[in-house]
Amino acid sequence: MAKRKGFLLIEAVFSIFITFLCVLVLQGLMKNLLNLKKYQSNANEIAFSYVQLEQFFNEKNTITYALPEKSTSFKAVLCREKDGQKKVYIVEQYRHILRMTTVHSGHMPLLLNIKEASFQTRDRLLKIKIEEKDGRESYLYFKLHSQPVKKHEQKKKEVKKAITKKNNSKRVIK
């Protein structure tokens, strides 16, 4: 038998099949890497917006506190005092953006491409629940300052406390 130079048809088909399998495996790996990059960038954006807000709330020589009576589950109303001047800020969702606005004008986008955001405010706490378009949820918690008590309200509380104490002492004597 004489040796032939070249490939048989079955060898050529087999090599094309192996090449096709390698391309499919590489395609799957590329999709996974792209998805990983997408999820990682979203996590970085949420972390960045958290740090940005935290620095804003805790800036030197400022007091930032929540106004729960004006806040809802759709927006958080905050007051910031700096150098004796008060400024009211609103953190809210606008379309697919989490943003901070003032009552006068302008806004600062904090986070893009969100599905839904809800807010809870208490005396010293701001909680933001963020649902992303891909279904993931994130919770941002911020510790704020206490709302300053006005002088006349503080005096009323002191008088009320003194009256209660006096009434309690009378009950004990009888």
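This note covers the fold, the aromatic pairs and the charges over rings in a predicted model.

1. Basis. In this predicted model, local features need pLDDT of at least 70 and side-chain atom pairs count only at pLDDT 80 or more, while totals for chains, interfaces and linings use all residues. Residues are numbered from 1 along each chain as its sequence is written, and side-chain values use heavy atoms, with hydrogens and water left out.

2. Fold. The protein chain has 2 helices and 8 strands (DSSP runs numbered from the N terminus: helices H or I, at least four residues; strands E, at least two). Their order from the N terminus is α-β-β-β-β-β-β-β-β-α.

3. Burial. Of 174 residues in the protein chain, 24% are buried (under 20% relative accessible area, with a 1.4 Å probe and protein chains only).

4. Aromatic pairs. The structure contains 4 aromatic pairs (rings of Phe, Tyr and Trp, the last by its six-membered ring, with centres within 6.5 Å; planes under 30 degrees apart are stacked, over 60 edge-to-face, the rest tilted). Phe 57 is buried at 1% relative accessible area, and Phe 142 is buried at 0%.

5. Cluster and charge. Ring pairs join Tyr 50, Phe 56, Phe 57, Tyr 89 and Phe 142 into a cluster. Arg 80 lies over the face of Phe 56, 4.0 Å from the ring centre (the criterion is NZ of Lys or CZ of Arg within 6 Å of the ring centre and within 35 degrees of the ring normal). Arg 99 lies over the face of Tyr 94, at 4.2 Å from the ring centre.

Key: Buried means under 20% relative accessible area, exposed over 50%, partly exposed in between (1.4 Å probe, protein chains only).
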